[in-house]
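Here is a note for a colleague who is new to this entry. Please read the points below with the sequence and the model side by side.

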Amino acid sequence: MLARAHTFTLDVLHVRPVTVEVDIRPGLSSFAVVGLADAAVREARERVRAAILNSGYEFPTSRITANLAPGDVPKVGPGLDLALACAVLAASGQLPGDQLDGQALFGELSLAGEVRACAGTLAIAQAARHAGLRTLIVAPARAREAMLVEGLRVQSVGRLDSAVRVLAGGAADPLPKPTQRPPGRGGHGVDLADVKGQPHAVRALVIAAAGAHNCLLSGPPGTGKTMLAQRLPSILPPLDHAEALEVTRIHSISSRRVTDRLFSSRPFRAPHHSITTAGLIGSAHRGGVGEIVLAHRGVLFLDELSEFSRPTLEALRQPLEDGRVAIVRAQHSAVYPARFTLLAATNPCPCGYAGEVDRCRCTEAAMQRHQRKLSGPLLDRIDLLTQLARETTPEPREPLYRDSATARAAVIDARQCQAARLRGEGMAVNGEMNAGSLARHAQLEPGAERLLRRAQTSGLLSARGQHRVLRVARTIADLAGSQRTSEPHVADALAMRPEIGRAAEPQAA
Ligand SMILES: Nc1ncnc2c1ncn2[C@@H]1O[C@H](COP(=O)(O)OP(=O)(O)OP(=O)(O)O)[C@@H](O)[C@H]1O
Ligand SMILES: [Mg+2]
């Protein structure tokens with residue numbers, strides 16, 4: 001007898017539908033699985049056999065062939081177990097085969113017949129809906145995650161026999177309690193109010209958050225670079241619904257963490273400088289999503305930037321430009337989303353005290369090595385360079401952004417201006433504007449245009465640098481509530497350009 005069940009397999013971030021066909025015919029007792037199955041899927045035979053027997057069903061002592069179609073798609077992981085077991089039960093007459101129509105099954109089986117949750121359930125649920133299936137049957141631990149997808153009936157089953165009951169129209173197993181998130185100050189536990197002084201760096205952080213611009217904090221040890229960076233999440237705007245679905249989907253697939261609600265805050269990834277290029281960018285091997293993909297729609301924070309290996313930093317160039325990363329794999333190349341804001345921190349020289357004649361012990365060669373690491377194409381993609389000083393001047397009485405709530409409100413207002421202006425362009429923030437949208441929306445006043453042209457003719461700005469200045473100037477204007485981009489906005493943006501800031505940077509003593 002022949003039976004068919006519907007399930008899905010994951011190819012890193014992409015979901016592929018799989019039909020499990022099971023054929024049982026008289027012959028010597030055997031159980032073969034064909035159709036590009038990986039080791040975990042081949043091992044499914046043992047789990048499925050034990051789970052069926054331990055759930056009180058009979059395991060057919062005949063010739064069983066399971067075909068995982070389509071045959072050219074690699075089948076990965078243990079999530080296909082449940083569909084395979086149900087197809088075996090249907091093919092052996094222990095479950096009416098028509099009950100498998102229109103229903104998708106996804107879960108790993110234990111030998112005792114329990115259904116275990118698998119990573120990527122949200123993506124599977126989206127694919128099930130897209131494929132026009134009515135119902136998705138999954139383990140209780142991930143059922144709430146699947147329920148985030150509208151227009152799909154999700155049934156939670158803790159055991160194989162519960163799945164058989166649900167397929168026959170019976171009740172699903174109860175869901176676990178929703179998870180509680182611990183409350184924190186501003187939802188993040190840290191606040192910009194903790195930072196004393198450094199008004200330029202705080203402002204750069206607000207501009208970076210408002211327009212999604214890449215930012216580099218440079219300064220001596222202990223001036224608050226790491227401290228400031230850690231406070232960026234507290235001023236970022238929330239994800240909108242489409243972004244939240246995208247981000248939750250990525251994290252649902254790549255982490256074992258169970259999510260029962262959409263992500264509301266933007267990801268903030270801070271990998272250690274010992275990370276490999278494969279760890280940062282992703283690798284051709286299975287499951288190889290890099291930090292830059294996990295930072296999609298959020299922030300990638302690289303502390304101690306000069307300590308990262310040069311090839312690792314260089315590999316950031318293409319994703320920083322395109323907002324996605326192409327990974328070449330054995331048979332094809334896969335493209336993953338990687339639209340993140342780069343935030344980096346560094347000391348101005350290896351000892352950290354460049355410019356302080358009595359303290360800096362760096363040789364000229366060491367200084368040049370340090371600068372070379374940060375120079376060139378990567379620096380060209382940094383929009384905002386801020387030099388933090390060891391505070392010598394007394395603090396202004398009332399800082400522009402006294403705490404995270406004030407800064408975040410300004411960021412959200414500025415983002416609303418951008419979203420309204422860029423509606424219909426397929427982008428939402430100034431940091432994403434291309435040459436065409438810049439020409440349409442920069443709205444430069446004559447003085448601003450003259451200033452930009454002067455910077456260009458002086459040879460300090462590359463063409464990319466010029467576009468980046470315009471985007472930042474537009475964000476500064478948005479933060480100021482101005483429709484037009486005027487001369488002070490461009491002057492501010494120019495002052496934060498790395499090639500201009502670096503020209504004024506302290507050299508070795
Ligand atoms: N501007 C500041 N306001 C309040 N506290 C600060 C400030 N700068 C530094 N600190 C204090 O000093 C500690 C160290 O700061 P932080 O780690 O941010 O320095 P850093 O600039 O990253 O130094 P390094 O170059 O060594 O990494 C902070 O945890 C904080 O307690
Ligand atoms: Mg630090």
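1. A residue is near a molecule if one of its heavy atoms lies within 4 Å of it. Of the 14 residues around ligand 1, those that come nearest are Lys196, Gly222, Lys225, Thr226 and Met227. By class, this shell holds 4 nonpolar residues, 6 polar residues and 4 charged residues.

2. This is a predicted model, in which local features need pLDDT of at least 70 and side-chain atom pairs count only at pLDDT 80 or more, while totals for chains, interfaces and linings use all residues. Residues are numbered from 1 along each chain as its sequence is written, chains are lettered from A and ligands numbered from 1 in the order in which they are written, and side-chain values use heavy atoms, with hydrogens and water left out.

3. A search of the whole structure finds 0 disulfides, a disulfide being a pair of cysteine sulfur atoms within 2.5 Å. For Cys362, the nearest cysteine sulfur is that of Cys349, 3.6 Å away. Cys362 is buried at 12% relative accessibility, whereas Cys417 is partly exposed at 33% (buried means under 20% relative accessible area, exposed over 50%, partly exposed in between, with a 1.4 Å probe and protein chains only).

Technical notes:
Ala, Val, Leu, Ile, Met, Phe, Trp, Tyr, Cys and Pro count as nonpolar, Asp, Glu, Lys and Arg as charged, and the others, Gly among them, as polar.
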